[in-house]
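Please find below a short note for colleagues who are examining this entry. It is set out as numbered points to be read beside the coordinates.

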Amino acid sequence: MTVEALEQGFAQEREIAAFARAGVLRRLARDRVAATAGLVLTVIVFAALFAPWITPYDPYFTDLTKVMQPPDAEHWFGTDNTGRDILTRVIYGTRNTLMLGLVGVIVGGFIGGVLGILAAYYRRLDGWIMRLVDVMLAFPAILIGLAVAAIFGAGLTAVVIALVVATVPDVARVARGAAIGVMGQEFMEAGRAVGVSDGELIWRYLTLNCISTIFVFLTLRFGQIILIGAALGFLGMGAQPPTAELGMMAAQGRDFLFMAPHIATIPSCAIFVIVLAANLLGDAFRDVLDPRLQT
Amino acid sequence: MSDAPVLQVDRLVKHFAVTRGLIRRKVIGLVRAVEDVSFEIARGETLALVGESGCGKSTTGRLILRLMDPTSGSVRFKGQEIANLDKDSLRRMRRHMQIIFQDPYASLNPRMTVGEILAEPLRVHEIGDDASREARGRELLEIVGLLPEHARRYPHQFSGGQRQRIGIARALAANPDLIVCDEPVSALDVSIQAQIVNLLQNLQQRFGLSYLFIAHDLAVVKHISDRVAVMYLGKLVEIADKKTLYDRPLHPYTQALLAAIPKPDPALRTKRVMLQGDVPSPFRPPTGCRFHTRCPHAQARCSAEEPTLREAAPGHRVACHFFETLPIPTIIARAGLANGKFAERLAAFEAAKAARVPG
């Protein structure tokens, strides 16, 4: 084979590889629901990131001359019972809520993933790890949140701990299931026969082959985490006033539901939109990444 | 062939404990997967290990490579005992003994390119630098009949036969002396089987490899092996060189296995000895001779006393009390190298090769 032909072959291979990498995003974009959900979530995330620059008012500025005003041109989402601009507070609240969800998913996903994979790799740890996970699973997240809040005082930290504890056992189970499937494959044995060390086997052979399953599970889980976080906020275990947090805002608006329904409903709608978009995107990721669903 | 065997397996035993209980695990029984298996393999030799599914042949292969720890017994590789090696020495040992797996779709890590897969054994054992490993990868691909530029691709971009070639290339990477082939062709199409078997034979001649060839397809075994060991329920029942075993099998189980090979001649069909019943569970193996529940010649002594491997002729050992007096069945594998479709393919393949490369 001549050098030119070889070079041509390499160029072709590089193209194929690039196409394969573009595949996931491309396939996501082709799915209209997923594309819309992704777009909505992106807008929300950017709004939350750049909250100080795009919000028209100060989230803590109370204007007692304009309390409980319904939405108008000046205050798009109206004002709450102390005259604070609800649009501004929803954007800041989204910031806190998303942060809670992300931290819960990332930290909980990491701990759960490590536990699950170790349980699958070291079979003698399996019993211990999974019983620990069962114990964690037995407590509802709300209850853990209440307990943590009782010990350390209510606040975002208590919610984050509760969310992490709520995420770990589910992720550990999913990760363990995926990892046990991979462990049964002959390439694990091949790696061992070649002499690959335990650490490398765990990372390059085992973890990389079940990470997409875990990722899909976490994207689906993200919506639920946000919901639990908001529920804790609603119960008063989460962010404390005057901090803006969607669940807590909905809880405060509840008192004025008949006089000014927008105070409670608008933050609730924001939660609804975020959770729905996250779930739809998670679904789409599952379809795209799950090798069993690929043709 | 030098005299010192590459591999000596002596009284190898593997029991799997069946446990019950959540906290205090109690052993409620043992699955006797491999029981008292001994054989040796010389340099450049192929020993085939045949038997039904679940008879412990794959377990034996994994015990030899210490992918599993034996319950007792010894495995000596070039005179060195490996059954009790510590973790580090074992890892160093691994470059000399390799394995080819049955399922080419499961035996390659889908997250690594073919180049990375082939460089892995060299990287692990710190042989050469990145450039030389890459060069070695390309060389290996050519040796097994693929193109050097395939190194950049991922396993899923190949067919089953090509993947099996990659698996073979990986096994060759660090220049091993012994390769355990765990049913390397039984997941492949018949046409591809012939190619892979031929490749394995060529590599053996070229690099002086020893094979432990685990298989259940006796036609393939007949083509590739020098000696054949037959296993039943974890025990060796007969071991002999290929010609002896196929021409004059002495153990009733071997006779039944050979009779089960499909024959192209319809006149021979009626004389088949069919085995009755299923393989008993290795959890509760039968007393005495493990084969007595299905043996057409079983007598009282067979269920009471366990037969040992006895020498029938030099190099031909049989574990049966009565092999001297058993009737010789009207056998069996007819003339020709192998039977059936596989043989036809093999012949066609050889002819094509001869036509392409004169001499």
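This is a predicted model: local features need pLDDT of at least 70, side-chain atom pairs count only at pLDDT 80 or more; totals for chains, interfaces and linings use all residues.

1. Overall sheet. Chain B contains an open sheet of eight strands with mixed pairing, in the order β6-β7-β8-β3-β9-β10-β12-β11. The edge positions are held by β6 (97-100) and β11 (310-313) of chain B; each has a single partner strand, so one side of each lacks a neighbour in the sheet. From one strand to the next the twist averages 20°.

2. Parallel pairing of β7 and β8. In chain B, strand β7 (residues 178-182) runs parallel to strand β8 (residues 210-215), and five bridges link the two. Within this pair, Asp182(B) is placed opposite Ile214(B) of β8(B).

3. Burial of β9. Strand β9 of chain B, residues 227-232, is mostly covered, with six of its six residues buried. In a regular strand, side chains alternate between the two faces of the sheet. In β9(B), Arg227(B), Ala229(B) and Met231(B) point one way, while Val228(B), Val230(B) and Tyr232(B) point the other way. Residues on both sides of the strand are buried, Arg227(B) being one of them.

4. Neighbours of β9. Strands of a sheet pair through backbone hydrogen bonds, in either the parallel or the antiparallel sense. With strand β3 (residues 46-50) of chain B, β9(B) pairs in the parallel sense over four bridges, and Leu47(B) stands opposite Arg227(B). With strand β10 (residues 235-241) of chain B, the pairing of β9(B) is antiparallel and extends over six bridges; here Met231(B) faces Leu236(B) of β10(B).

5. Which strands does helix α9 (residues 252-259) of chain B touch? The helix packs on the sheet through contacts with β9 and β10 of chain B. Its direction makes about 105° with that of β9(B).

6. Contact between the chains. Chain A contributes 17 residues to the contact and chain B contributes 22 residues. On the side of chain A that touches chain B, α1 (3-30), α8 (186-194) and α9 (198-234) of chain A each supply at least two residues. The largest share of that side, seven residues, comes from α8(A). By residue class, this side of chain A comprises nine nonpolar, four polar and four charged residues.

Terms used: Residues are numbered from 1 along each chain as its sequence is written. Chains are lettered from A and ligands numbered from 1 in the order in which they are written. Two residues are in contact if their C-beta atoms, placed from the backbone, lie within 7 Å. Ala, Val, Leu, Ile, Met, Phe, Trp, Tyr, Cys and Pro count as nonpolar, Asp, Glu, Lys and Arg as charged, and the others, Gly among them, as polar. A residue is buried if 20 or more other C-beta atoms lie within 10 Å of its own, exposed if 12 or fewer, and partly exposed in between; C-beta atoms are placed from the backbone. Two strands pair if DSSP finds at least two bridges between them. Axes are lines fitted to C-alpha atoms, for helices over the stretch in contact, and angles run from 0 to 180 degrees between N-to-C directions.
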